[in-house]
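Colleague: I would like to go through some of the labels attached to this model and hear what each one rests on. Please set the value against the cut-off each time.

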Amino acid sequence: MEVQDATKSFVYDAPDSRLFRLFHLDLNDEGEALSGRLLTTRFPGTLQDQYKTFIKVNILEHGLDVMEAMTGSRDYTALSYSWGKEPDRYPLWLVTVANKLDKGENPIINAEPDRSGNIWITANLRDFLLQMRRQKLNHFLWIDAICIAQQLDADKDVQIPRMRDIYELAGQVWVWLGGASSAQSECFSDLPLVNNSLGVILDGPGPKDRQALDTWLFSTFSEVCLPHPSDLFWQTMSQLLTLEWWRRLWTLQELVVAENVAYSKDWGTSVYKPPKAAILYGSHRVEWDQIELFVSAIERLGLGDWLKSRQAVDVSEDLHALRGLFEIRMCRLNQFGWAVPLDTLLLATRRREATKPQDMVIGMLAMMDRGTIRKLALSSSMPTSQVFSIFGQYYIQHEPRECLLNHVATQDRLPGLPSWCPDFSSREITFAIGTRWFGRNADEEDNQGVHMPCVGFTEKGSWAIPKHRLEFGRLMVNLFTAKGGYHGMYNTGNPRSLQPVERSNAIRASGMSLDVVTSVIDCNAAAESIDFLAFNSVQQTHEWDRQCVQLARQTLTEGSSGFDIYARTITANRTTTSTTISDEAWYDREAQVDFAGQYLRFQQFIQATLHAETTISPANMDADTLRFTQCLQQMSCQRRFFATKGGRIGLGSSNMQVGDELVVFFFCPTPYLLRQVKQETLVVGEAYVMGLMYGEALDMLERGEVKETQWTLA
């Protein structure tokens with residue numbers, strides 16, 4: 001091995017959009033400096049982008065023979081990992097390897113001109129390479145920090161757009177979650193065995209089997225062959241599911257486009273193929289589908305909150321990463337190729353993170369059809385507010401099923417951003433009241449009203465919104481890699497729907513002004529707590545509820561079913577089949593659930609806790625009341641309770657105030673609150689108001705009780 005000059009930097013090839021680099025780690029002895037070889041090859045010029053999904057042979061114009069000679073395989077592995085936040089960088093010595101063999105069928109190492117030298121990598125990547133060297137893993141790898149010249153913007157400009165192709169064509173994807181202690185690594189390796197035990201419970205003959213686990217009764221774990229609740233396994237999995245990788249936006253696309261495994265899994269009426277990927281944590285690895293099985297099982301068994309309590313952070317937020325990945329990959333199973341609607345991408349990425357704010361939109365481009373990418377013409381060099389506004393205006397024209405106005409409540413607010421446009425770089429602080437999936441879930445009973453709110457539209461008739469984009473997907477040839485654009489195909493064409501104002505960041509909305517806010521109760525701080533039923537949280541909830549009940553009694557007319565209206569309002573009429581916080585829920589449009597009874601039983605639990613002056617077990621609560629409690633926490637979090645001049649009560653955003661106007665927009669799912677500020681109309685946020693959630697305002701318009709109004713939303 002040549003002597004390494006620590007001051008010498010590796011020289012990359014000139015930037016080229018067809019260029020493709022692969023890295024091979026030198027498997028030298030422990031303690032030696034990390035080093036490797038970089039193979040430069042090219043995508044074949046005859047392989048057009050729009051056909052890449054179908055043609056998987058002759059991936060590279062040159063280099064396959066070299067790859068096979070050095071590793072015994074003509075495939076490469078793409079690495080998915082997070083860079084980490086540590087500022088320290090470590091040297092990696094690189095030499096080139098030619099993309100063809102010499103006359104003796106041997107690789108040509110460090111051919112002239114000599115470009116060998118160091119690059120500098122993060123601590124997390126260094127840990128991965130050291131682990132790979134210990135295990136003598138002989139693979140060609142694609143790793144962004146090595147295969148893209150990070151110091152050359154010109155190289156990044158041509159290589160980053162090819163990342164979708166690179167991960168899609170990889171033989172497999174490795175997910176590196178970072179180093180782990182030997183004990184943690186051993187626990188991780190037990191995951192398949194634990195999944196087998198969880199599967200036995202879930203596959204039992206009746207609901208009783210699914211209630212076999214009681215996190216307050218530890219003996220139930222051993223009875224079903226699961227690790228004791230105090231076992232390091234649960235702590236390890238809790239830590240694993242809160243690692244940075246799950247929250248990064250770029251890691252989503254890397255798994256979304258990965259090759260499918262050969263087998264399929266049944267998922268309701270659909271068939272799902274997991275990505276051909278493996279998770280590496282410390283010295284052990286498991287296949288990706290084992291993580292999916294584990295997360296699905298703990299959610300179905302109601303163990304999500306309990307697992308979350310093993311850590312001082314919200315695991316449920318990180319589990320959303322798996323749900324988003326699953327949903328996008330389900331779209332990919334379309335018979336003709338990718339058919340991923342914008343609303344699916346938005347909901348899958350809203351809780352992710354990126355270093356640059358604009359990357360929260362730029363990072364979605366790799367998962368869009370090429371026609372949309374060209375139409376948006378976004379660039380990371382644009383101001384962030386401009387990127388968000390352009391994407392937002394395009395979105396409201398082409399995705400009528402999911403309204404952006406229901407997603408404006410975020411932790412932070414970017415200066416200069418229009419009030420109607422979400423700050424895509426900041427996490428949402430609420431679960432949207434109005435969201436997609438109009439209709440029943442296939443696995444729910446017919447007597448359950450699962451309809452989502454549909455304030456400004458109906459299922460059929462003149463107020464029906466266009467079919468969801470995905471329903472057209474099967475009629476289209478490979479939407480995801482389409483040669484042509486589909487601009488305007490899903491535009492409602494109805495001037496009453498939300499429309500962008502030309503040469504402006506504003507949008508135009510039509511609808512009805514219904515009421516004005518006269519009283520507001522501040523948010524329940526306990527709803528943000530990890531343990532909503534802890535003694536301190538119960539005290540806070542009791543005081544918040546007392547104020548809300550008092551305002552409701554002052555507002556609602558005599559003779560109305562007050563407790564029922566109030567209980568439905570503070571939960572947004574939402575219920576669930578799960579006893580844990582979940583995105584899976586249904587809305588009781590037909591008023592078949594006894595919300596008032598559940599609320600009164602919850603009050604009994606509150607009184608018992610206050611009398612005991614300590615936290616008491618939720619096992620004292622029946623399943624229906626526990627579900628009510630979970631929905632109460634979820635839907636009241638970061639929301640204010642309010643009353644209106646017209647005698648209505650509701651839930652609104654945390655920044656609402658007295659004087660805000662309650663309105664309904666055509667083809668939008670919920671009421672909204674607006675505010676007049678210096679000649680401008682601003683969007684405050686979505687609202688829940690009993691008696692307006694299922695088209696009642698449209699009926700009022702037909703009867704002439706309200707007038708149609710138009711607003712320009714700044």
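**Labels and their grounds**

Modeller: A place to start is Glu-613, found in the loop between helix 22 (595-612) and helix 23 (623-636). The model is predicted.

Colleague: Why does Glu-613 count as exposed?

Modeller: The relative accessibility of Glu-613 is 61%. Exposed means over 50%, so the label applies. The backbone of Glu-613 has a phi near 55°, a positive value in a residue other than glycine.

Colleague: What is the phi of Phe-667, and what makes it worth a note?

Modeller: Phe-667 has a phi near 65°, which is likewise positive in a residue other than glycine. Phe-667 is placed in the loop between strand 19 and strand 20.

Colleague: Is Phe-667 buried or exposed?

Modeller: Buried: the relative accessibility of Phe-667 is 11%, and the cut-off is under 20%.

Colleague: How many aromatic pairs does the rule give, and what makes Trp-463 and Phe-667 a pair that is called tilted?

Modeller: The count is 26 aromatic pairs. For Trp-463 and Phe-667, the ring centres are 5.9 Å apart and the planes make an angle of 50°. Trp-463, at a relative accessible area of 10%, is buried.

Colleague: Which residues form one aromatic cluster?

Modeller: The cluster is made of Phe-563, Tyr-566, Phe-595, Tyr-599, Phe-602, Phe-628 and Phe-641.

Colleague: How do you know that the charged end of Arg-496 sits over the ring of Phe-666?

Modeller: The distance to the ring centre is 5.0 Å, and the limit is within 6 Å, together with an angle within 35 degrees of the ring normal. Arg-126 lies over the face of Tyr-90 at 4.6 Å from the ring centre.

Colleague: Which members of the largest nonpolar core touch the most other members?

Modeller: Phe-23, Phe-128, Leu-129 and Phe-294 do, in a core of 129 residues. A second, separate core has 63 residues, including Met-512, Leu-514, Cys-548 and Met-656.

Colleague: Why is Leu-307 called buried?

Modeller: Leu-307, in helix 13 (residues 304-308), has 1% relative accessibility. The cut-off is under 20%, so Leu-307 is buried. Leu-307 and Gln-239 are 68 residues apart in sequence, with C-alpha atoms 9.7 Å apart in space.

Colleague: What makes Glu-292 buried?

Modeller: A relative accessible area of 9%, which is again under 20%. Glu-292 lies in helix 12 (residues 288-300). Between Glu-292 and Arg-323 there are 9.0 Å, C-alpha to C-alpha, and the two are 31 residues apart in sequence.

Colleague: Why is Ser-561 called partly exposed?

Modeller: The relative accessibility of Ser-561 is 44%. Ser-561 is in the loop between helix 20 (535-555) and helix 21 (562-570). The C-alpha atoms of Ser-561 and Ala-596 are 9.2 Å apart, with 35 residues of separation in sequence.

Colleague: Where does Trp-246 lie?

Modeller: In the loop between helix 10 (232-240) and helix 11. Trp-246 is buried, at a relative accessible area of 2%. The C-alpha atoms of Trp-246 and Arg-351 are separated by 9.9 Å, and the residues are 105 apart along the chain.

Colleague: Which residues lie nearest the centre of the second largest pocket?

Modeller: Ile-160, Met-163, Trp-250, Asp-359 and Ile-362, out of 44 lining residues. Elements that give two or more residues to this lining include helix 5 (163-169), helix 11 (249-256) and helix 16 (359-362). The space in the second largest pocket is about 1500 Å³.

Colleague: How do the residues of the lining of the second largest pocket divide?

Modeller: Into 16 nonpolar, 10 polar and 18 charged.

Note on methods
Residues are numbered from 1 along each chain as its sequence is written. This is a predicted model: local features need pLDDT of at least 70, side-chain atom pairs count only at pLDDT 80 or more; totals for chains, interfaces and linings use all residues. Side-chain values use heavy atoms; hydrogens and water are left out. Rings of Phe, Tyr and Trp (its six-membered ring) pair if their centres lie within 6.5 Å; planes under 30 degrees apart count as stacked, over 60 as edge-to-face and the rest as tilted. Buried means under 20% relative accessible area, exposed over 50%, partly exposed in between (1.4 Å probe, protein chains only). A nonpolar core is a set of buried Ala, Val, Leu, Ile, Met, Phe, Trp, Tyr and Cys residues joined through side-chain atoms within 4.5 Å. On a 1 Å grid over the protein atoms alone, a cavity is a set of points where a 1.4 Å probe fits but cannot get out, and a pocket is an open set with protein on both sides within 12 Å along at least five of seven lines; lining residues have an atom within 4 Å of a point. Grid points are joined across faces, edges and corners, and a volume is the space filled by probe spheres set on the points. Helices (H or I, at least four residues) and strands (E, at least two) are DSSP runs, numbered from the N terminus. Ala, Val, Leu, Ile, Met, Phe, Trp, Tyr, Cys and Pro count as nonpolar, Asp, Glu, Lys and Arg as charged, and the others, Gly among them, as polar.
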